[in-house]
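Me: I have a structure to go through before class. Can we take it piece by piece?

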Amino acid sequence: MTGPLAGARVLDLTQGVAGPYATKMFSDYGAEVLKIERPGRGDASRRIGPFPRDEPHIETSGMFLHLNTGKRSVTLDLATATGRELLLRLAADADIIVESFRPGTLERLGIGPDVLAEANPAAALVRISSFGQDGPYRDFEADDMLLYAAGGVMQVTGDPEREPIKLGLYAPLFFAGCVIAGMMMGALRTSLRDGQGERVEISIHEVLTASMDRGGPNIVAYQYSGALMIERIKNVVYSGLPTGVYPCADGYVQVATQPAWFPRMCRAMGREDLIDNEHFTSNVFNPDFLPEMEAIFYPWVLSHTKQEVMEIAQAEGWPVCAINTVEDAYRDPAFRARDFFRTIEHPVAGTYEYPGLPIRFKRTPGEMHVAPLLGEHTFEVLTERLGHTPAEVAILGQRGVV
């Protein structure tokens, strides 16, 4: 491992999206991540698509393969005394332990925070849950949509006159995973500095509500005025210039225009004659002028592709962006020029390209590696790290412990 976190050891007891994405960040940037999975079943995300050719298989989930790059999979049945004893021995060698079980699960298994601290007083412990380790919602079930709903964030997503909508495809959980990874760094640094393991409790509900992604600002706005930002925005004075989503020759573009940018817009459209036209310059702040302005704008935007519109506008300093499909994003020349995607060959799923490292270190860049097969590293870890003989590991497998 060559990344900035090379040498750090993470014991990963998370599953799903938020926790595994956080530990993936650690793995991609050099940490050794031991992913503990249930024998025979593994992480729940192994059963979430997409799958190649739409054929479900425990080893080919696109979700799992993306969320667990570079990790080492060790199967342990924590419901058994031997499985718990093996876990505590692995914990003794970890710098940070991360778990996302339902609150109270570790305690019921007999491997709660105090037991883990006894096994390794210097290891940081990060506990992730939907609503926190205590409080009235502690035992509530939730997914990404429910967490956004409970935090008030969904209310301010979408048209104010319509029912609230959600962000698709686990966006809140990926966002929470990024926050968790940052806080894991703090826990790791504090524990290494003090020689005593920090304990961190993370409520995804609170992460989303506190975030600047619509949650936090609206909580404050409500206290200021009793009204949400999404309601107050209706009172904003709009200009008479195109702003928002507009169609073009092959899709849509997102347009941001302020009155001060009117000359830029004119130059992009090849209408420099309008820059000093008093009829236009005197109406750029007038929302009633928008239809007249759009009568000029629509023929131009509809005659170009979204990539052309974006490049022409951006060349003049006018913020316009193509609204890309997933296929567009996959083929985007900016990603390709920066070599963003990484090709990874998996022994079962095959060879595919994955989104690469989102943050680039120059001296210690990190590297993505293939996600593990279920229990792929169990034998290696138990024999090399814990000193078991091959025969002992075979017996543990026969007993269903690993």
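Me: In what order do the strands of the open sheet come?
Reply: This is a predicted model. In it, 6 strands form an open sheet, ordered E3-E2-E1-E4-E5-E6, with parallel pairing.

Me: Which strands stand at the edges?
Reply: Strand E3 (72-75) and strand E6 (199-203). Each has a single partner strand, so one side of each is left without a neighbour in the sheet.

Me: How many bridges join E1 to E2?
Reply: There are 4 bridges between strand E1 (residues 9-13) and strand E2 (residues 32-37). Asp 12 stands opposite Lys 35 in E2.

Me: And what does helix H1 touch?
Reply: Helix H1 (residues 18-28) packs on the sheet and touches E1, E2, strand E4 (96-99) and strand E5 (124-129). Helix H3 (residues 81-91) lies across E1, E2 and E4, at about 150° to E1.

Me: Why does the largest pocket lie between domain 1 and domain 2?
Reply: Because domain 1 (9-212 + 340-398) and domain 2 (244-331) both give residues to its lining.

Me: What kinds of residues line the largest pocket?
Reply: The lining has 18 nonpolar, 5 polar and 1 charged.

Me: And the second largest pocket, what does its lining divide into?
Reply: Into 14 nonpolar, 7 polar and 6 charged residues. The volume of the second largest pocket is about 680 Å³. H1, E5 and helix H6 (144-150) each supply at least two residues of that lining.

Notes: Residues numbered from 1 in each chain as written. Predicted model: local features only at pLDDT ≥ 70, side-chain atom pairs only at ≥ 80, totals over all residues. Heavy atoms only, no water. Pairing = 2+ DSSP bridges. Contact = heavy atoms within 4.5 Å. Axes fitted to C-alpha atoms, helices over the stretch in contact; angles between N-to-C directions. Nonpolar A, V, L, I, M, F, W, Y, C, P; charged D, E, K, R; others polar. Domains from an automatic or database assignment. 1 Å grid on protein atoms, 1.4 Å probe; cavity = no way out; pocket = protein on both sides within 12 Å on 5 of 7 lines; lining within 4 Å. Points joined across faces, edges and corners; volume = space filled by probe spheres on them.
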